[in-house]
Amino acid sequence: HPRIKNRLADQLKNLHVNILQVDPAGYFHLLQLLDNCRFVLTDSGGLQKEAFWAKKPCITLRDETEWVETVAAGWNVLWNDFQGFDRYGKKDVTPYGEGHAAERIVEVISQC
């Protein structure tokens, strides 16, 4: 976020060469970045969710998240709970269902 970028300008000059600080990206560019990264550091709620869908471990740079299910699923961790990458991003879970909602809805409606 530009506000954070300005606030942390001095610290951001010394990032490791493998850590990219990117300007706001369009959605397709964001998907490309997610596809080519090992993990995500963000304070964005939307990016936390996109990282989950892309199965990329995410460290959320906030004290809380609205996406608690991504934390429970093991793909997201709040910065102050981070204990190393080997603990995150290993679970293959579907907290939003298995993708068969339409079939179940049709079944319920057809029984009425």
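Predicted model: local features only at pLDDT ≥ 70, side-chain atom pairs only at ≥ 80, totals over all residues.
Let me start with phenylalanine 28, which counts as exposed at 70% relative accessibility, where exposed means over 50% relative accessible area, buried means under 20% and partly exposed lies in between, with a 1.4 Å probe and protein chains only. Phenylalanine 52, on the other hand, is buried, with a relative accessible area of 6%.

Residues are numbered from 1 along each chain as its sequence is written, and side-chain values use heavy atoms, with hydrogens and water left out.

Now to the aromatic rings. A search of the whole structure gives two aromatic pairs, a pair being rings of Phe, Tyr and Trp (its six-membered ring) whose centres lie within 6.5 Å, with planes under 30 degrees apart counted as stacked, over 60 as edge-to-face and the rest as tilted. Phenylalanine 28 pairs edge-to-face with tyrosine 27, at 5.9 Å centre to centre and 65° between the planes, and tyrosine 27 is partly exposed at 45% relative accessibility. Phenylalanine 52 pairs edge-to-face with tryptophan 53, at 5.2 Å centre to centre and 65° between the planes, and tryptophan 53 is exposed, with a relative accessible area of 52%.

Which residues make up the largest nonpolar core? There are seven, namely Leu30, Leu34, Cys37, Val40, Leu47, Ala51 and Cys58, where such a core is a set of buried Ala, Val, Leu, Ile, Met, Phe, Trp, Tyr and Cys residues joined through side-chain atoms within 4.5 Å. Helix H3 (27-35) and helix H4 (45-53) are the elements that give two or more residues to this core; helices here are DSSP runs of H or I with at least four residues, numbered from the N terminus. Leucine 47 touches Leu30, Leu34, Val40 and Thr42, leaving aside residues up to four places away in sequence, with contact meaning heavy atoms within 4.5 Å.

Finally, the charged side chains. The structure holds two salt bridges, each defined as a side-chain nitrogen of Lys or Arg within 4 Å of a carboxyl oxygen of Asp or Glu. One joins glutamate 69 and lysine 49 at 3.7 Å, N to O; because glutamate 69 lies in helix H5 (residues 68-72) and lysine 49 in helix H4, the pair ties together parts that are 20 residues apart in sequence. Lysine 49 counts as buried, at 12% relative accessibility. Glutamate 66 bridges to arginine 62, with the closest N and O atoms 2.4 Å apart; glutamate 66 is partly exposed at 46% relative accessibility, and arginine 62 is partly exposed at 24%.
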